[in-house]
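What follows is a walk through one protein model, from its overall layout to a few individual residues. Please keep the structure in view while reading.

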Amino acid sequence: MTRDGVDAAGPTAAARGAIYRIRTEGEIDGSWTDRLCGLEITTGNGIATLCGRLRDQSELIGVLNALHMLRLTVTSVKRLDANEAPKA
């Protein structure tokens, strides 16, 4: 394995990141997707759901900080298993 986490079998799980689902009270305009690491944003009934792959914990913290700056209450953060991940 090389220092960047890649070997002959491909990137390690850590190098690929993880898929997260984040829910907030309050809705987010879809135009924020680029500023939220490309997460897919769906809204309805006063709740926003962000879902997608984040490279690492620092990206996750960046998204959470952005939501905090938007003064949104984060109600849940879940790392999804492969069987829970939305189908592309």
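A polar contact is a pair of N or O atoms within 3.5 Å; within protein, one must be able to donate a hydrogen and the other to accept it, and residues adjacent in sequence count only if both atoms are side-chain atoms. Residues are numbered from 1 along each chain as its sequence is written, and side-chain values use heavy atoms, with hydrogens and water left out.

Confidence comes first. The mean pLDDT (the predictor's confidence in each residue, from 0 to 100) is 85 for the protein, and 81% of its residues reach 70 or more. Where pLDDT is low, the predicted coordinates should not be read in detail.

The protein has two helices and six strands. Helices (H or I, at least four residues) and strands (E, at least two) are DSSP runs, numbered from the N terminus. In order from the N terminus, the elements run β-β-α-β-β-β-α-β. A contact here means heavy atoms within 4.5 Å. Among contacts between residues at least 6 apart in sequence, 57% join residues at least 24 apart.

Strand pairing is the next topic; two strands pair if DSSP finds at least two bridges between them. S3 is joined to S5 by eight bridges, and these strands run antiparallel. Seven bridges join S3 to S6, again in an antiparallel arrangement. On the S5 side, Thr 24 has Ala 48 as its bridge partner. Tyr 20 stands opposite Arg 79 in S6.

Of the 88 residues, 30% count as buried. The accessible surface comes to about 6000 Å², of which 50% belongs to carbon and sulfur atoms; the areas come from the Shrake-Rupley method with a 1.4 Å probe, and for residues only the protein chains shown count as cover.

A nonpolar core is a set of buried Ala, Val, Leu, Ile, Met, Phe, Trp, Tyr and Cys residues joined through side-chain atoms within 4.5 Å. The largest one has 15 residues, and those with the most contacts inside it are Ile 22, Ile 28, Leu 36, Leu 50, Val 63 and Leu 67. Strand S3 (18–25), S5 and helix H2 (57–69) each supply at least two residues of this core. H2 gives the most, with four residues. Beyond four places in sequence, Val 63 touches Ile 22, Leu 36, Cys 37, Leu 39, Leu 50 and Leu 54.

Thr 24 is found in S3 and is buried, with a relative accessible area of 0%. Its side chain reaches the backbone oxygen of Gly 26 at 3.2 Å. Setting aside neighbours within four places in sequence, Thr 24 is in contact with residues including Ala 48, Leu 67 and Val 74. Ile 19 is also found in S3, and counts as buried because its relative accessible area is 19%. Ile 19 and Cys 51 are 32 residues apart in sequence and 7.2 Å apart in space, C-alpha to C-alpha.

Thr 49 lies in S5 (residues 47–54) and is buried at 16% relative accessible area. Leaving out residues up to four places away in sequence, Thr 49 touches Arg 21, Ile 22, Arg 23, Glu 40, Ile 41 and Thr 42. Glu 40, in strand S4 (residues 40–44), counts as exposed because its relative accessibility is 53%.

Two loop residues remain. Most residues other than glycine have a negative phi. Asn 45, in the loop between S4 and S5, has a positive phi of about 55° although it is not a glycine. Arg 71, in the loop between H2 and S6, has a positive phi near 60°. Asn 45 is exposed, with a relative accessible area of 81%, and Arg 71 counts as exposed at 78%.

Methods. This is a predicted model: local features need pLDDT of at least 70, side-chain atom pairs count only at pLDDT 80 or more; totals for chains, interfaces and linings use all residues. Buried means under 20% relative accessible area, exposed over 50%, partly exposed in between (1.4 Å probe, protein chains only).
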